[in-house]
Amino acid sequence: MKRLLLLAALASTASAENRCVDCHEPQQKLLADSAHLVFGCADCHNGREEAEDMDAAHSPAADFVGRPAPSDLARMCASCHEKETKAFELSPHAAATRRGDPGGATCISCHTLAATPTAHAIADCGDEGAPSGRFQVAATCARCHSDAEAMKRSGLRIDQFAQYRASAHGYNVLEEKEGDAATCADCHSPHEAPSARDPRSETHPRNQAHLCGACHGDVKLMTEHGKDPGVVAKWQASAHARNLDLGAPSCAGCHGAHYSHVPEPAAIRESCGRCHEGPARELAAGPHGPAVHTDPATLASAPVHCAHCHDAHGGAKPLPPYGATACAACHAADSHEIAEGNAMSDLSAALHTDLVALHQKLEEARRRGHDLPSCRETLSALDARTHDFASLVHGVSPAKCAAEREAVGKESKALMGRLSEFTPGERRLWWVPVMWVFVFLGVGLLFLKARKLKSPQGR
Amino acid sequence: MGDHGLSLLGALADALDRRLGWRERRARAIADLSRPVPPHVGWAYTLGSTALALLVLQIATGIALALHYQPTPEAAHASVAHIQDRVRLGWLVRSAHAWGAHFLVALLLAHAARVFLTGGHKKPRELTWVLGAKLLFITLALAFTGQLLPWSELSYWGAVVGLEQVRITPAVGPAAGDLLAGGPGVGPATLTRFYVLHILLLPALAAALLAAHLALVRRLGIAPLASTAEEDAQGHDALCAGGDPYVPHHILKEAAVAIVAAAALVTAAALWPPELGARAGRTTPPGIRPEWYFLAVYQYLKYWPSTIFGVPGEKFAVCLLIAATTAFAALPFLDRSPERRPARRKLALAVAGCFLFAWTALTLLGSLSENELSLFGHHWRFDTYGRPK
C-alpha cells in the first residue's frame, strides 16, 4: 500500500513538474517499480526536470549527467548508501571498474531487477526475489563468475558456482531453499568482497575458523542439523591452527571452499598426505596400507585412514600408550597389535625425552656463553630424525622403530656427552663449610694470640 | 732440613745482609710498625687493610684470568666461557674476580665513611684523603672497564650506556668518549683500550697512589680522636699514649677481618657465580642497568629536564656531578673545622647524612626503575623514574 501511495505521489509529481517522462517513459516505468520509486530524475541526473525544452532540461549549467560512467555510479549511490559504497570502493570489483575493465561490477550489476543491468530498476534488498536476495545471490554472482570471458580478464576460475551448487551449502540453498545454509554473501562480505588472499577477508585462512564457526560453532543450529558444534573449537586448539603460517590447513584446506564437503574416507589419506608425506607413505607401505575398516554402526567399509587414529579437527596425536588409545579402537585388548602399539609408543616417548633434555642442555650451554654451532647442527639433525620417527610409527613396524630408536639414542648420548663438558652440573661445594671451619679456627687462634698479648705477661 | 741445611740458609742470609743490610732495615720497620695506635682505634679501623687484602686477591685472580683471556670481540666471549667451563677452577677464579669488585668498592666506601666520621681527613692528613679518594675513583674505573671484557650482551650495553654518560660531559666529554672508545661506538678498539686500561694503566696508577697513600699513613699515623689543634699542641705520639702497638696488636685484628672478608668473598663466588650470558651483538637485552655503585648516578641523570635555557639538561647534571666528585676529593679543604670528634661535628655529619640518604634513595629508585617487585602478595611495576605504574 505504501508503495502504491508513493507511486501515486510520484506520478502526480511527474505529471505536474517532471517533464522527463515525456521522452523517458520506459525508464520512468522501471523506476516506479523499483526500490527507488520515490526519487525524481534530477536526484541522480541533475538537470532541470520541469523544463519543457530538452536542451534546457539537459543543461550543463544545471550539472546534467546523462548516462553516468560506471566508475561514477558508486559515488552517486554514496549520497544515500555511504557505508556500502565505502566498502565497495575497497573491493576488487571497484578496482576492476576503475581500471576500465568492462566486466568490472558496479552497484547496479547486483542490485538491478532487470535482465540487463540498469540503474532505474534497483531492487529492494529485503525482497526475496531481489538479485541480492538469499536464494538469488549465487546466480547473480555467477552471471560474471561463471562467464569465462569476464573472468579471463581477472584470472579467476569459473567453476565456483558449479562447485557451490554441488556442495551441501549450495544444495540446501538452491534446491531446498534452506535459509540456514551459507550462500555467497555469507562468506564474502558483499560490498567489499575481498580476495581470499587479502588478510582482511573473512575467507582468508586466518579468518576461516571465525567465518565457518559463525554457523558450525553455533550449538543450537548445529544440534538442529545433527552436527558436532565443537569442530571449530577443536581446530582452533589444534597444531594446524598454530601453524597456519607454515601452510597448515584451515577449514577450506580440507573441506574445500565452494564445494564444501566432508572428505570421502578414501580421499582422506591423500588429503592429509599432501602435507604429511612421510606418515602417508609409511601408512601405505605398512600393514594398514591395504587394510579396510568397517564401521560397526553403518557397516560402511573404507580404507584405514588418518582420522581413525587422529581426531579429524583436533588433529592431535593419539596419547601414549598408542596401543590403548589408538590401536584398541580396532584391535582386541589382548592382541599383539596392542602390545606393539604400546612398545612403539614407549620408543617415541624415550626419543622425545632425550630430545627435550638435549635442548635444555644446549640452552644452558648457550646461556653460559657457548655457541657450539656443531652441536646445534647435530641437534637439528636429531630433531629431524625424531620427527621422522613419527612417520615410521605409521608403518607399524616395531623392529624398524626399535632400530631407529637405538641409532638416534646413540647419537643423543654422544651429543649429551659433548654438551655436558660445557655445562658442568651441580658443583661440589662441600669445601665451603670446611673453609669456614678453618676460618673460624684461624680467627680463634688470632683472638687467643691477641688476648695473650694483652695479658700482663704479654706486655 | 738438618743442621747443615740451616747453616747454609744462615750463611745465605748473612751474605745478603752484608750486601743489602736487610736486618737493620727489618729492625727499623718493626720498630716503626710497633708504634702505638690511638687508644680509640678498633675494628672499624680494619676496613682499609681489608680492602688492601682484597686488592691483592683481585690482582692474583686477574693475573690468572689474563692467562686465558683473549681481548678481541671475536674471541673474548668464548675465552671467558672457556675459563668458566674448561679451565680447572676457572669458574671460581672468574666469579671471585667479579665478586671482588663489589667487595672492594663496598669496603672502600665504608672505609671512606669511617675516615670522614672520625675526622681522619683533616690536617695534616689532607693528602692521604685526596690519594684515597683517587684510589676509590680508580677502583670504580677498574670495575667499569672490567665489565666490558667478557663482551656479553649486558657488558656491551653497560659500556655503551657508560660511555654515553662520559660523552655528555661539557667541553671534554666527546673527545674523552672517543679516546676511551676508540671511535663513535663500542667496538674492537674499545675492547682493546678497556683491556689496556684494566690490566695496565689503571693498576699501575693505583699501585703508585696506593704506595703513596700507605707511606703517608705510616708517616702520619692514624688520626687521634682529638682536634687538629690538640694534635698540633701535644703531638701525635702523646695522643697515642695508652694505645696498642700496631704490630702485633692491631694487625691481628686486621688479619682476622681480612681472613673473614676473603672467606666471605670466596663463599659468594662459589654460591652465586655470575652468568656469562649471550655474546654481544645480536640483541639488546631488556633491563640494562649499571652495577649498584653506579646506579645512583644513572638514576640521578634521568630526573633532569631535557633542556635548561636551551642547553641540554644532562650537561648541567654532569657539571653538578663533577662538582660533587671534586668536592668529595677535596673534602679536607672544605671541611676545615679543627674538630674530629663526631659529636662536635653535627653540621658536617648532617650534610653527609643528607648525601647518604640521597645516594641510597637514588640507588633504590635505580634498581626499581623499569622493573617489577612482588612483596607480601602485591605486585608493582615501575616506570623509568622508579614510580609505580
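View 1. Apart from its neighbours within four places in sequence, B:T169 is in contact with B:P174, B:V318 and B:I322, contact meaning heavy atoms within 4.5 Å. B:T169 counts as buried because its relative accessibility is 13%; buried means under 20% relative accessible area, exposed over 50%, and partly exposed in between (1.4 Å probe, protein chains only). The side chain of B:T169 also reaches the backbone oxygen of B:V166 at 2.8 Å. This is a polar contact, a pair of N or O atoms within 3.5 Å; within protein, one atom must be able to donate a hydrogen and the other to accept it, and residues adjacent in sequence count only if both atoms are side-chain atoms.

Residues are numbered from 1 along each chain as its sequence is written, and chains are lettered from A and ligands numbered from 1 in the order in which they are written. Because the model is predicted, local features need pLDDT of at least 70 and side-chain atom pairs count only at pLDDT 80 or more, while totals for chains, interfaces and linings use all residues, and side-chain values use heavy atoms, with hydrogens and water left out.

**View 2. Two further buried residues of chain B, B:G119 and B:H213****.** B:G119 is found in the loop between α5 (90-117) and α6 (126-148) of chain B, and it counts as buried because its relative accessibility is 0%. When its neighbours within four places in sequence are left aside, B:G119 is in contact with B:R340 and B:R345. B:H213, by comparison, lies in helix α9 (residues 188-220) of chain B, and with a relative accessible area of 13% B:H213 is buried. Leaving aside neighbours within four places in sequence, the contacts of B:H213 are B:T128, B:L131, B:G132 and B:L135.

**View 3. A hairpin of two strands in chain B****.** Strand β3 (residues 372-375) and strand β4 (residues 378-381) of chain B run antiparallel and are joined by four bridges, two strands being paired if DSSP finds at least two bridges between them. One residue to look for is B:L373, whose bridge partner in β4(B) is B:W380. Two residues stand between β3(B) and β4(B) in this hairpin, and B:F376 in the turn has a positive phi of about 50°.

**View 4. Where chain A touches chain B****.** Here 24 residues of chain A are in contact with 29 residues of chain B. The two chains bury about 2300 Å² between them, 64% of it on carbon and sulfur atoms; buried area is the accessible area (1.4 Å probe) that two parts lose on being put together, summed over both. Between chain A and chain B the count is one salt bridge, in which the side chains of A:E421 and B:R86 meet at 3.0 Å, N to O. A salt bridge is a side-chain nitrogen of Lys or Arg within 4 Å of a carboxyl oxygen of Asp or Glu. On the side of chain A that touches chain B, α22 (336-367), α24 (398-422) and α25 (431-454) each supply at least two residues, and α25(A) gives the most, with twelve residues. The residues of this side of chain A divide into 13 nonpolar, two polar and nine charged, where Ala, Val, Leu, Ile, Met, Phe, Trp, Tyr, Cys and Pro count as nonpolar, Asp, Glu, Lys and Arg as charged, and the others, Gly among them, as polar.

**View 5. Salt bridges within chain A, A:R206 with A:D245 and A:E363 with A:R366****.** The closest N and O atoms of A:R206 and A:D245 are 2.5 Å apart. This pair links distant parts of the chain, 39 residues apart, with A:R206 in the loop between α13 (184-187) and α14 (208-216) and A:D245 in the loop between α17 (239-242) and α18 (251-255) of chain A. A:R206 counts as partly exposed at 48% relative accessibility, whereas A:D245 is exposed, with a relative accessible area of 64%. The side chains of A:E363 and A:R366 meet at 3.4 Å, N to O, and both residues lie in helix α22 of chain A, three residues apart, about one turn of the helix.
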